[in-house]
Amino acid sequence: MEKMERKASDNKYLHKDFHIGLNFGIGYIAKLHGDSAVVVYLREYASVFHKPLKDAVAQYGLVALEDYFRKLYETEEAADDILFERSEDELKIFIEKCPAITHIRKSGNEIAPMFIETTRTVNEEIVQGSPYAFELISFDIDTGKSEQRFYKKEAGK
């Protein structure tokens, strides 16, 4: 008799259906409690879930953000859909299409109007308390195509 041993780490990591659940959850929160409740929920979520990333940003700066997003898009099998421009004080991220929105649409679901906050609010929270700020320059709710900017805040701001 042969015995096969596997660990969870042996399996390919995919969590695309997480995005469908998040989309429904955001729509539900907004419907029951309003748009501001979605922002509060996402801030609380991001402050806890992204604590290690927040710490890395505080220690390593913009390179930590670039590394995080590169790995995320590789995991999501969408590395070809993202472009980075980084200088000492700024990181721009250009996303051709969001893998989450692509998957939600492919499953036949509508995108919750507040889904944009999974980018804007979460990224703002990631840099909260650091020398950096976040700006969502553009975002297409149909595709998730976006231009995002993390930048060093001016002293005293």
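Author: Tyr68, Phe69, Phe134 and Phe150 form one aromatic cluster. This is a predicted model: local features need pLDDT of at least 70, side-chain atom pairs count only at pLDDT 80 or more, and totals for chains, interfaces and linings use all residues. Residues are numbered from 1 along each chain as its sequence is written, and side-chain values use heavy atoms, with hydrogens and water left out.

Reader: How many aromatic pairs does a search of the whole structure find?

Author: Four. Rings of Phe, Tyr and Trp (its six-membered ring) pair if their centres lie within 6.5 Å. Planes under 30 degrees apart count as stacked, over 60 as edge-to-face and the rest as tilted.

Reader: What makes phenylalanine 69 and phenylalanine 150 a tilted pair?

Author: Their centres are 6.0 Å apart and their planes 40° apart. The distance passes the 6.5 Å limit, and the angle falls between 30 and 60 degrees, so the pair is tilted.

Reader: Where in the chain do these two residues lie?

Author: Phenylalanine 69 is in helix H4 (residues 62-75) and phenylalanine 150 in strand E4 (residues 146-152), 81 residues apart. Helices (H or I, at least four residues) and strands (E, at least two) are DSSP runs, numbered from the N terminus.

Reader: Why is the pair of phenylalanine 134 and phenylalanine 150 also called tilted?

Author: The values are 4.8 Å centre to centre and 50° between the planes.

Reader: How do you know whether phenylalanine 134 and phenylalanine 150 are buried or exposed?

Author: Buried means under 20% relative accessible area, exposed over 50%, partly exposed in between (1.4 Å probe, protein chains only). Phenylalanine 134 has 8%, so it counts as buried. Phenylalanine 150 has 0%, so it is buried too.

Reader: What puts arginine 149 over the face of tyrosine 151?

Author: A charge sits over a ring if NZ of Lys or CZ of Arg is within 6 Å of the ring centre and within 35 degrees of the ring normal. Arginine 149 lies over the face of tyrosine 151, at 4.0 Å from the ring centre.
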